[in-house]
Amino acid sequence: MGSIVSLIAVIVLILIAYTGVKAANLHFLFGVVIPYAAVTVFLTGFIYRILKWASVPVPFRIPTTCGQQKSLPWIKQNKIENPSSPFWVVVRMALEVLVFRSLFRNLKTQLTDGSRLVYGEAKWLWLAGLAFHWSLLIVLIRHSRFIFDPVPSFLHILEQFDGFLQIGVPVLFVTGVVLLVSVTYLLIRRFFIPIVRYISLPADYFPLFLIIAIAITGIEMRYFTKTHIVGVKELVMGLLTFNPKTPEGIGWIFYVHIFLVSALFIYFPFSKLMHMGGVFMSPTRNMVNNSRVKRHVNPWNYPVDVHTYEDYENDFREKMKSAGIPVEKE
Amino acid sequence: MKIYNSGKVVIGLIIFIGLVTFPFFYNKGKAIAKPEPKIDTPAIMQLQDKKCVEPRDFMRAEHMRLLNDWRDSAVRDGKRIYVNSEGKQFTISLQNTCMHCHSNKKEFCDRCHSYVAVKPYCWGCHIEPKENKS
Ligand code: HEC
Ligand code: HEC
Ligand code: HEC
């Protein structure tokens, strides 16, 4: 169900852009107004979400650890799993963000023979996730040929590596293929693994379909239904220099592509895609585990009025004495 | 709204905003000239009918595919004659056909290509036309 709703939503988006450009000639709306709106929503929404997270206090140390804590000098500490200084938190965080270290530990839990609990390796999710995120990053960096003038020279080196197979003209970029294959795996996984399907919501399917549609329109545009690339760059440069224009001769497929990307940007701050910023905000990852070294006081502790025994005795000394109860102070 | 760890959060957000808005600052105030490929070579000047192999809009978007088809047809099928949409015949050759007319590679092909950062690797084998200007 969730998947069908999401798929329909993406198809509707495509149709909106297609009819908007083909039938209604709204090039300016789809090429200029919506992209500007998307960047604005993305930036403000992103900042708002981060500030909202940052306004939640995390008074205690709650890092997830799976290694020896800093202890006596002769006990070897596991600095990455159980960091006791900011430096090692940064190392841990970097490994998490760059190579998805905790996902690498992902296990498959199964009951075999009806009752025996077995844990098995499950690395496919990690592999596909890593391949997907890295190729998406490289694809994004490659797009900087449209947003910089002159184009920085490192881009040629990147393109050379990415196109090293030298298949066809324009050369096939490996990351485009890896991106599409891995994101398709991430989608198919949700269809065929029953447990994962059970917990999948439209909010899980929609971004996947959206990204698949973006990748397909992009690949389509580069290798098949060509469009006027020089015109596309003029359009983008016009946006970036606040001098917007929509050159002639750009095919509708480009407008569909940029509309889907705008949709992704607008959707971003409202969705699980915010894990891009959220990963840095996760207290189980970004905290130093120093609860044995430093006292952490809960900032919202209510000042409790304590009535000590001493006060109690002062209040009732005479009555206690007359009832024969022993008192500490005469 | 009280922000905890505000120092670190603000640094993170500044990096984020910086990355997103960097393209705007990088290009700020630049008058970005779109490339004007020059078609005033001697070979083209001699044509009565200043036309490319195929119509201009097609060439602009699809010349790489055309070249790829030419290459396949010449190298794989041994067919070295191309008949265009108007029925005109061209010898299939990158150096002798395209570059005969467009002998100003630097002011034609390269203008567009450096604008969008493509560097066709063809010229590692195929010979570029000799140009006086560098
Ligand atoms: C109107 C501008 C323009 C002109 C003029 C032009 N090109 Fe291109 N060319 C492009 C664009 C834009 C691309 C990149 C398309 C893409 O990346 O999808 C390209 C790509 C190519 C590619 C594929 C490169 C690759 O590795 O991806 C080849 C080959 C090529 N051009 C050959 C030529 C030759 C030869 C000439 C001169 C006779 C020429 N082009 C003139 C705009 C132009
Ligand atoms: C007979 C001479 C001739 C030959 C051969 C020729 N061209 Fe052209 N080409 C032209 C002319 C003339 C124009 C300008 C057409 C116009 O403005 O309508 C042009 C335009 C172009 C354009 C579009 C430039 C722009 O301003 O957008 C490209 C790209 C191009 N040629 C590439 C090629 C490639 C690649 C080949 C080889 C497959 C080739 N040409 C072969 C004469 C030629
Ligand atoms: C490894 C060297 C090499 C590279 C790189 C190369 N070619 Fe070629 N190309 C050849 C050879 C060899 C032939 C065969 C020449 C012949 O049979 O006349 C050929 C033939 C061709 C032909 C048809 C015949 C002719 O004379 O032009 C075309 C068109 C062509 N190549 C286009 C390209 C394009 C476009 C690129 C860049 C994307 C490219 N080639 C890159 C080696 C190369």
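In chain B, helix H3 (56–75) and helix H4 (94–101) each contribute at least two residues to the shell around ligand 2, helices being DSSP runs of H or I with at least four residues, strands runs of E with at least two, both numbered from the N terminus. The model is predicted: local features need pLDDT of at least 70 and side-chain atom pairs count only at pLDDT 80 or more, whereas totals for chains, interfaces and linings use all residues. Residues are numbered from 1 along each chain as its sequence is written, with chains lettered from A and ligands numbered from 1 in the order in which they are written.

The shell around ligand 2 comprises 18 residues, of which Cys52(B), Arg56(B), Met59(B), Cys98(B) and Cys101(B) are the closest; a residue is near a molecule if its C-beta atom, placed from the backbone, lies within 6 Å of it. H3(B) gives the most to this shell, with six residues. By class, the shell around ligand 2 holds 11 nonpolar, three polar and four charged residues (Ala, Val, Leu, Ile, Met, Phe, Trp, Tyr, Cys and Pro count as nonpolar, Asp, Glu, Lys and Arg as charged, and the others, Gly among them, as polar).

Ligand 1 lies between chains A and B.

Between the chains, 31 residues of chain A are in contact with 33 residues of chain B, a contact requiring that the C-beta atoms of two residues, placed from the backbone, lie within 7 Å. On chain A, helix H2 (27–54), helix H6 (144–147), helix H7 (154–162) and helix H11 (229–240) each provide at least two residues of the side that touches chain B. That side of chain A has 18 nonpolar, eight polar and five charged residues.

Chain B contains five helices and two strands, arranged along the sequence as α-α-α-β-β-α-α. Its radius of gyration, taken over C-alpha atoms, is 23 Å, well over the 14 Å that the globule rule (2.2 Å times the number of residues to the power 0.38) gives for 134 residues, so chain B is more spread out than a compact globule. The C-alpha trace of chain B spans about 75 × 35 × 30 Å along its principal axes.
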